[in-house]
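Reader: I would like to learn how to read strands and aromatic rings in a structure. Please take me through an example.

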Amino acid sequence: SPYRAVRQFLNGIEATNELYVKAGSTLEGTNKSIWMQDPSAKANKGTLVVEGGANLMTSAYLDVTEGSTEWPVSVSIAASALKGESTVVYENVPLGYKVDKINGIWIVTFNPVAKIGDKGYGTLSAAVAAVKDGETITLVANEVFTENNYYDNGGWKDGLGYSGDKSFTIDLNDKTICQNGALNDYLIWIKNDGSKANTITLKNGTLDAGTTAFCALATASSNAQKITVNLENIKLINNNSNGATLKIRGGAELNANAGTIITGKNSYVGIEAVGSKTVVNIYEGAEIYQNGKSSSWGCLAGASGNSTINVYGGEGTSAKGGFIAMTSGGTIKNVTITGVFRGIMIMDPSQDIYIDNVVIGDDDVCYAINTAEGNGLHDLYVSNSTLKGWSSFGTAINSVSFTNCTFAQGTYYTDVFGRIVKPYVNTVFKNCEFNSLFYIDLSALVDGATVTLENCTVNGVDYTPANFTEYGDIFSRNNVKVTINGTECQL
């Protein structure tokens, strides 16, 4: 007998190779009766039919080139034709394809994970590789990244890794993208490596990074052109205590639109913005939760390296100990912040910071606004906002202006420290209301600094030079000045 009786060599690029073994035929090779071979990674078409009544004295071998993503073959092998110990063996079958015996017939079925139009793909990665500029990929099944289909990102294991020059949409179609513990980096990693700005939209489903991946979604640390990521009606989950649910870098822009839910259970940050020109926009209807870690460094959204986080609405809550960090400047608008140790934390700003129509306080908020280190070259502007608790802003800020703001008792401290504002630098209060015997603490003011109040009230009474020391200045110091409605107070 020959080594293999029939070698079905699928090396045609356009031709279809068809093999029919009719009833009454007998094939026998010392190794295999039939070898269906796909020598290239191209999607070579082939048909193999073995009828009942035929005789395969040794096994049939379906061999696919390693790394193939498509295998458009039609296989029908009657189990009754396999004699003795012969069977159907196969190797390197692409994801999405399955060799199975159903009703006495061995067949190859295709169950795509994703589609572009009517064309199916066995993996999301294959669909992303094939998608054209402006097209939409629709998931038709959950995508689970494993040891067999991860993206090797310089030795790190990502799930979906994309580097290219296309704008496209992934519609999860109420499906989930997740992993089985094989990943140690990012569930989805995106890079614009092209010649134009591009936009990628993720919508209508769930990204679950599990416990071993650092992030559910990350952009590359450097991009050739701007990449914008839009999130719509999508839930992102991360359970890694050392990672962020989203890590936006490299001058990318993230838009968390209505229906976006970001949960950082055990993670230290919901959204982390990193690097110059990186912008995160959180819009009305988006929600961010950090609910599994009790730490003063757990936060809903954190920025660093000249990045910007703009909050134009939405809701966020955290375990006690969290904060929203606005570390390098930008705008926070139209948001209520509760359940965090620090409402807004400002660290090392590189541009002016604007806070407008923000409510911070209750549910154990200690600091409504807090600052850390910085070069003191930029200003903080707060308007139309309610701040409950202790607000303290250090020399990281050059000057501070509050306009049409209300200051009220917080719940973390129920004594005077829950109703105090502590400026370090030149500070102006204009048309502000101080409730519940709110105090202005001058003890940390730098020498020569001035606190100015214009048309302000405290506990329903107009602030005047005569009553300032009753309601404010609980820790006075020399070489500082307070003026109220143009008149300097005697401290």
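Author: This is a predicted model. A place to begin is the pairing of strand E4 (residues 32-38) with strand E7 (residues 60-64), which run parallel and are joined by five bridges.

Reader: How do strands pair in general?

Author: Strands of a sheet pair through backbone hydrogen bonds, and the pairing is either parallel or antiparallel.

Reader: In what order do the strands of the open sheet stand?

Author: The order is E1-E4-E7-E9, four strands in an open sheet with parallel pairing. The edges are taken by strand E1 (4-9) and strand E9 (88-91); each has a single partner strand, so one side of each is left without a neighbour in the sheet. On average, and with direction ignored, neighbouring strands of this sheet are turned by 15° against each other.

Reader: Now the rings. What describes a pair of aromatic rings?

Author: Two values are used: the distance of the centres and the angle of the planes. In this structure there are 20 aromatic pairs. One of them joins tyrosine 97 and phenylalanine 110, whose ring centres are 4.4 Å apart.

Reader: Why is the pair of tyrosine 97 and phenylalanine 110 called stacked?

Author: Their planes stand at 25°, so the pair is stacked; the cut-off for stacking is under 30 degrees. The pair links distant parts of the chain, with tyrosine 97 in strand E10 (residues 97-102) and phenylalanine 110 in strand E11 (residues 105-110), 13 residues apart.

Reader: Is tyrosine 97 buried or exposed?

Author: Tyrosine 97 is buried, at a relative accessible area of 14%. Phenylalanine 110 is partly exposed, at 30%.

Reader: Which residues form one aromatic cluster?

Author: One cluster is made up of Phe393, Phe402, Phe407, Phe429, Phe434, Phe438, Tyr463 and Phe468.

Reader: Where does the charged end of arginine 4 sit?

Author: It lies over the ring of tryptophan 35, 4.2 Å from the ring's centre. Arginine 7 gives another case: its charged end sits over the ring of phenylalanine 9, 4.2 Å from the centre of that ring.

Methods:
Residues numbered from 1 in each chain as written. Predicted model: local features only at pLDDT ≥ 70, side-chain atom pairs only at ≥ 80, totals over all residues. Heavy atoms only, no water. Phe/Tyr/Trp six-rings, centres within 6.5 Å; stacked < 30°, edge-to-face > 60°. Helix = DSSP H or I, 4+ residues; strand = E, 2+ residues; numbered from the N terminus. Buried < 20%, exposed > 50% of the residue type's maximum accessible area, 1.4 Å probe, protein only. Lys NZ or Arg CZ within 6 Å of the ring centre and 35° of its normal. Pairing = 2+ DSSP bridges. Axes fitted to C-alpha atoms, helices over the stretch in contact; angles between N-to-C directions.
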